[in-house]
Every structure is written in structure tokens, then in C-alpha cells.
Amino acid sequence: MADQLSGLLFPRSVAVIGASGKPGKIGHALFSNVVTSFSGPVYAVNPGHDELLGRPCVPTIAALPEPVDLAVIIIPAQLVPDALEACGAGGIRNAIVISGGFKEVGADGAEREGKLVEIASRHSMRLLGPNCLGLISTQVGLNATFAPRGAREGEIAFISQSGAFCTAVLDWAWKGHVGFSHFISLGNKAVLSEEDFLTAFADDPRTRVIVAYLEGIADGQRFLKTARAVTPQKPVVIIKTGRGEAGARAVSSHTGTMAGSDEAYEAAFRQAGVIRAQNVEELFDFAYLLARQPLPKGRRVGIVTNAGGPGVMATDAAEREGLEIARFTEPTARSLAERMPAAASIYNPVDILGDARADRYRDAVNLVAADPNVDMIVALSAPVAILTYAELGTILADVHREHGKPVTCSFMVGEIGEEADAVLRDAGIPSAFDPARAVRALAGLVRYADVRGTPHKDQRTHPVDREGAASLLRAAARKDRVRLGVEAMDLLEAYGIPVARGGIARSAEDVEPLLQALGEELVLKVVSPEMSHKSDVGGVRVGIPAERAAEEAWQMLHMARERFPEMPIDGVLVQERVPPGREVIVGMVRDPTFGPLIMFGLGGVHVEVMGDVAFAVAPLVEGEAEALIRRIRAYPILRGVRGQPGVDINALVEVVERLAQLAMDFPHLLELEANPIICYPDRVVAVDLRLTVSGEDG
Ligand code: ADP
Ligand code: MG
């Protein structure tokens with residue numbers, strides 16, 4: 001894909017269709033950006049001129065003297081399809097459509113955009129946009145945007161779904177001396193989307209960090225797959241805004257109710273190793289450090305300060321961010337005790353006191369940075385008249401260079417700190433007013449170090465009876481059923497998920513033959529797929545002696561038909577009564593973006609009350625099911641606490657994986673929920689099931 005996009009990202013010649021010589025027009029702003037930034041051949045296409053801004057101008061695309069690497073189209077929307085067609089016919093394989101007036105304006109526009117997709121596909125063209133700001137490639141010096149200013153050269157590849165955010169970031173970046181390898185405005189993503197650029201930048205030697213602002217992802221499964229492949233090579237930092245389309249999904253289960261629109265994004269980003277930024281500040285704090293500093297070997301932070309307050313703020317932030325406050329080794333503690341005044345705190349955070357001059361600061365930071373128990377350093381300083389920030393900046397730059405560990409700093413000052421800016425910038429050390437921010441930035445590095453440290457894992461596929469499951473679902477479809485309940489327990493069985501034994505009785509007479517092999521005590525459940533919480537309406541009876549089963553089953557049927565005359569009541573499930581155990585829920589709801597979203601949590605009838613659930617997007621690679629299970633708060637209870645035996649986690653992991661596999665294999669399963677699965681130290685067993693299938697497919 002990197003090769004495929006090279007003509008777009010590193011073009012050797014460019015034509016601007018709709019270039020204008022009139023200042024104030026976007027076609028002029030863009031063309032003059034291209035002309036002033038790019039050293040290769042540039043052509044204008046505009047019927048009114050022979051020459052524009054000193055470059056050759058031809059009346060039509062067909063009249064271009066060579067098939068340029070890249071066409072930038074900036075003409076009224078109605079004319080764009082023909083222009084793109086002409087580009088394709090003329091052998092141009094890369095195009096940017098800047099013009100708006102497509103999908104974003106409604107049905108007409110969407111149809112027009114459809115034409116662009118068709119043309120691009122017919123001519124095998126890479127198309128960026130439409131409705132975008134364009135792109136910048138600092139390596140070839142090209143600024144093909146209409147932004148007021150281009151970008152500084154650097155190591156961050158930036159992808160944005162919002163054009164306005166692009167111009168804002170460009171301007172801000174000049175002030176903050178942040179540089180870019182590429183700057184991409186995605187626009188409507190008609191053809192090329194974030195995934196294409198993620199892949200391309202993973203292979204781009206100048207790009208060290210990929211940063212994206214996204215409002216939505218069109219194909220979640222493709223994103224997950226791509227990002228999974230890219231993040232082990234390069235850090236990907238994303239800010240995702242906008243609300244998901246939760247309304248579009250069917251919701252009739254606990255899983256559906258509890259899966260907010262953001263859960264799938266959160267899960268997918270985590271699984272893909274994407275570092276999610278909560279806000280714009282974090283986005284660039286993470287990007288800056290990832291571009292400029294080495295990864296820490298662990299999560300232990302050493303803090304040096306000349307005042308107590310900032311040290312406390314940094315310590316709090318470190319705890320919040322999941323970092324550890326380093327415990328210094330014996331020699332470090334001894335040296336600090338020798339070299340620092342008696343009143344100083346030689347434990348982490350090291351407080352060297354307000355009367356510290358540069359030499360004491362240097363000593364302390366050096367000792368801390370040299371300690372093998374310290375993975376990264378936060379240097380803090382409140383303003384004091386005996387210490388200049390220029391000195392401090394130099395000290396930190398030296399320490400960073402000598403010890404090769406990540407360093408961030410917070411000088412809790414305004415203007416007087418600026419004298420350190422240049423030296424810190426050269427060293428790649430960010431400086432923040434807020435000590436917590438200096439710590440948070442480091443947490444971004446740690447998150448990526450974790451991603452890098454995770455070995456590649458493949459999806460685990462279990463042997464299942466796929467054909468058996470398919471025929472069960474076909475049988476349900478023949479009955480026009482979109483919802484199924486306990487009568488579909490065989491589906492779980494087909495996928496190797498252990499279920500309680502039982503059978504369905506349609507009348508009292510049916511009960512007797514079912515009783516053998518089900519034990520002394522039974523559970524009876526009304527079989528009615530529309531009944532969502534059976535026990536709420538007396539539809540579950542637990543602990544019925546075998547000899548009373550026929551009688552009670554008949555009563556239940558009678559009661560249910562009387563109370564719910566409008567509901568189909570198919571019979572009564574006579575089920576073995578399994579012993580009490582820990583009840584968990586494993587559910588799946590199909591997210592409109594990512595597809596099968598798996599939920600795990602403490603189950604039973606109180607799922608929503610407990611709210612202790614976690615999510616993951618299928619397919620699950622090895623280790624993810626277990627990670628999912630570990631993420632719930634009650635995990636220690638499942639693992640076993642205070643002499644109480646834990647449950648069979650391996651069996652549970654397998655259930656989650658098999659259910660994820662079922663969800664992947666049958667896309668028309670919209671929702672599925674096994675609740676509860678009852679867990680014991682040596683096994684787990686499902687006793688209830690609900691699922692929804694889409695009416696379309698069988
Ligand atoms: P619903 O969720 O529709 O109310 P369930 O089948 O989940 O119905 O049953 C409700 C509760 O009854 C379960 O959470 C569990 O505590 C208990 N239960 C259900 N089936 C069995 C069984 N076979 N053995 C023991 N307890 C059961
Ligand atoms: Mg249930």
C-alpha cells in the first residue's frame with residue numbers, strides 16, 4: 001500500500017485543475033501554495049490562460065504535456081466527475097478533490113460522490129477527498145492545500161477528518177515548533193480512508209508517529225485489522241470525537257443496553273494498540289514525546305522538585321495514570337543523602353528545596369536518572385530568583401542525552417520560563433505549566449511501550465459444528481422467528497459451550513420422558529422467545545422435585561398463556577438444576593461500526609445493577625478473552641479471594657472465544673446473550689440464552 005500511495009504522497013509532478021490567478025479565490029490560494037512549495041513540474045488547468053503564476057497553463061486536462069503524478073481538483077462539484085474521468089483517461093493515477101458539494105450536502109451530492117468512486121475504481125485511481133483541505137508532504141516539499149501556511153518538516157504524520165481542525169493544527173504547530181512528515185485532510189473518505197494512510201505511514205521511514213483526528217470509522221473490522229498490523233511498528237495516536245450510531249443497533253438485551261456508543265471504539269482502540277487521546281492537548285503531547293524520546297523500559301518515574309506542592313501534584317498524577325513512583329536503590333539514596341542538604345527529601349519525589357542552585361539541581365537529577373529503578377524522569381521547578389530557566393533547560397537536555405531515559409518537565413512559570421524553550425525544544429523535552437500534564441505525557445510513552453512489548457498473537461479458532469448451528473438458525477428463520485430463547489441452547493452446544501441438560505415439554509405428558517437423567521431437582525422455564533426476563537414474571541421455577549415436575553410445568557404453561565395471551569408460548573423447558581456458583585454473562589451485540597462487540601461481566605438477574613462489564617471487539621486474538629475477563633472489577637472474586645476457590649477461568653476464556661467465533665461466523669446474529677453462565681472451580685455451564693437474528697438472512 002505504501003507503494004500504491006507513493007504517487008499521491010511523493011508526487012514528482014502536479015497539475016491543479018481549477019487553478020486561478022485571482023487572489024481571494026481558493027483556486028488561487030491552493031495553486032500558489034503548490035507553486036511556492038514544490039520544486040517539480042507544476043501545471044495549471046484553466047481555459048482562460050496560457051500561464052499562471054509563472055507556470056504553464058493548459059485549457060483542458062487532455063492538453064497536459066505529461067500524465068502528472070498528482071491532479072488536484074478544485075472546481076465546482078458538478079464539473080468534478082468529468083474532470084476526474086479526464087484525469088483517468090489521461091493516465092493520471094492520483095487525485096485530490098478539494099471541492100465540496102458531495103455526500104455532505106445530501107442525496108444529490110451522495111450520488112455525485114458515487115460517480116467519483118466508480119470512476120476512480122475503473123481507472124485504478126487513488127482519490128483523496130472530496131470535500132477536503134488537501135495534503136502536505138514535507139519530504140517532497142509539496143503543500144497542496146489552501147491553508148494559509150504549510151507545515152514544518154518533522155516526524156509526525158497527521159491525518160484528519162476535519163478540514164477546519166487541519167488549518168488550526170497547522171497554525172498552532174508553527175508556534176509550538178511541531179513538524180510533520182505528512183499532513184492529510186481526509187474529507188469525505190470516498191475512496192481513501194484512514195486505514196490506507198495508516199498502512200502507508202507505517203512503511204514511511206521519516207514518519208515516527210501517526211496521529212489522527214477521526215469523527216467516525218466506516219469499516220471497523222478493516223480498521224481493527226489495519227491498526228493491529230501498524231501499531232507494533234509505529235505508534236498511532238487517535239482522538240475520536242462524535243457520537244456513535246447507537247440508535248442503529250437492535251437493543252433488547254442487557255448487552256445492548258449496556259454497550260454505549262463509545263464502548264466499541266474504546267475496545268477496538270485498546271485491542272489494536274491505538275493510543276487514544278482524550279483531548280487535543282493530549283493528542284500532541286503524546287505525539288511529541290513519541291516522536292522525540294525513547295520508550296521507557298518500565299513504568300517507574302523519578303521526580304525531582306524544588307518545592308513540595310508540585311511534587312505532590314506530579315505524584316497524584318502518576319498514580320492516576322498507572323505509573324509507579326520509583327523506589328531508589330541503596331546507592332542512589334546514599335548519594336542523595338550525602339549531597340543534598342539535611343532538610344531535603346531524598347525519597348521520591350526528591351525535594352531539593354527552594355534554595356537549590358543549578359549545581360544542586362544537576363546533582364539530584366543526575367543521581368535520579370542514573371538509578372536503575374528509574375525508567376523516566378519528571379523535573380519540576382517553582383520559580384526562584386537564584387536559578388535561571390536557561391540553566392535548568394541545559395541541565396535537563398544534558399541528563400536526557402546522557403542517560404537515554406524519557407524526561408519531561410514542568411516549570412510552574414509563564415514568561416520567565418521561555419528562556420529554556422529553545423534548548424528544551426532541541427532536546428525534544430516538552431515543558432508544561434501543570435506538573436500533572438508533564439506526567440500524563442509520559443504515560444503516553446508507557447502505553448506505547450506496553451503495545452510494543454506485546455507479542456503478536458493470532459486468532460484462536462476452536463473446532464465447532466458450524467453446519468449444525470447453521471441448520472438450527474435456518475429452522476428458526478423458517479418459523480419467521482427473529483428472537484430465540486432457551487429453545488436455542490443447542491446453538492451454544494454446537495459451538496462447544498457447555499449447557500445445562502434439558503428438553504422442552506409442550507404439554508404435561510411430555511414431561512415424564514424428559515425426567516430421566518435430569519436428577520432429583522429440576523428447573524422449569526417458560527419457553528417464549530419474546531419474554532425477556534422470565535424470572536421477573538414467574539417464568540422460572542428453580543428446585544422443583546422431579547415427582548412434581550409434570551404438575552408444575554402444566555401450571556406454568558397455564559399461567560403464562562393466561563397472563564400473556566398475545567405472546568407465543570411454546571412450552572416449558574425442563575432443565576437439570578445445577579449447583580449454585582458464580583453467575584457471569586457473556587453477550588454479543590452487533591455494533592454498526594465494528595461488528596460483533598463482546599461483553600463479559602458479572603451476570604444473573606442483576607447485571608445492570610452491578611454494571612460490572614467489559615467489552616471487546618471480535619475477532620479475538622489469543623489472550624484477549626482473558627484480558628476481557630480480567631478487566632471487570634469483580635475479577636478477584638472469579639480468581640478466588642481469601643481462601644475461597646476461584647472459578648475455572650480457562651473454561652470461561654474458551655466460552656468467550658467460542659461465542660466470539662459464533663458471532664463472526666453468523667453475521668445475521670444481531671444479539672446474543674448467555675446469562676447466566678454458572679461458574680465452578682472446575683467447569684462452567686450456561687443455563688439461559690437469548691438471541692436476535694436479522695430477518696433478512698437465514
Ligand atoms: P431469566 O434471565 O429469563 O430471568 P434464567 O434462565 O436466567 O431466566 O434464570 C434466572 C435465574 O435462575 C438464574 O440467574 C439462576 O440464578 C437461576 N437458574 C436458572 N436456571 C438454573 C438451573 N438450571 N440451575 C440452577 N439455577 C438456575
Ligand atoms: Mg437469564
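Me: Which strand does His-182 lie in?

Reply: His-182 lies in strand E11, residues 180–185. Strands (E, at least two residues) and helices (H or I, at least four) are DSSP runs, numbered from the N terminus. This is a predicted model, in which local features need pLDDT of at least 70 and side-chain atom pairs pLDDT 80 or more, while totals for chains, interfaces and linings use all residues. Residues are numbered from 1 along each chain as its sequence is written, chains are lettered from A and ligands numbered from 1 in the order in which they are written, and side-chain values use heavy atoms, with hydrogens and water left out.

Me: Why is His-182 called buried?

Reply: Buried means under 20% relative accessible area, exposed over 50%, and partly exposed in between (1.4 Å probe, protein chains only). His-182 has 0% relative accessibility, so the residue counts as buried.

Me: What makes the pair His-182 and Asp-204 a polar contact?

Reply: A polar contact is a pair of N or O atoms within 3.5 Å; within protein, one must be able to donate a hydrogen and the other to accept it, and residues adjacent in sequence count only if both atoms are side-chain atoms. The side chains of His-182 and Asp-204 are joined at 3.5 Å. Asp-204 is also among the residues that His-182 touches, as are Phe-10, Ile-156 and Phe-201; contact here means heavy atoms within 4.5 Å.

Me: How do you know which residues coordinate the magnesium ion, ligand 2?

Reply: Donors are N, O and S atoms within 2.8 Å of the metal (3.2 Å for Na, K and Ca); water is not among the atoms, so sites may look incomplete. Asn-675 (O) and Asp-688 (OD) coordinate the ion at 2.1 to 2.2 Å. The two are 13 residues apart, with Asn-675 in strand E29 (669–679) and Asp-688 in the loop between strands E30 (684–686) and E31 (690–693).

Me: Are Asn-675 and Asp-688 buried or exposed?

Reply: Asn-675, at 8% relative accessibility, counts as buried. Asp-688 is at 13%, so that residue counts as buried too.

Me: Which residues come nearest to ligand 1?

Reply: Of the 17 residues around ligand 1, Lys-525, Lys-534, Ser-535, Glu-576 and Glu-583 come nearest. A residue is near if one of its heavy atoms lies within 4 Å. Strands E23, E25 (571–576) and E29 each supply at least two residues of this shell.

Me: Why are Asp-480 and Ala-517 called exposed?

Reply: Asp-480 has 69% relative accessibility and therefore counts as exposed. Ala-517 is exposed at 58%. Asp-480 has a phi near 65 degrees, a positive value in a residue other than glycine. The phi of Ala-517, likewise not a glycine, is positive, near 75 degrees.

Me: Which loop holds Pro-130?

Reply: Pro-130 lies between strands E7 (126–128) and E8 (134–137). The peptide bond from Gly-129 to Pro-130 is cis, with omega near -5 degrees.

Key
Lists of a residue's contacts leave out its neighbours within four places in sequence.
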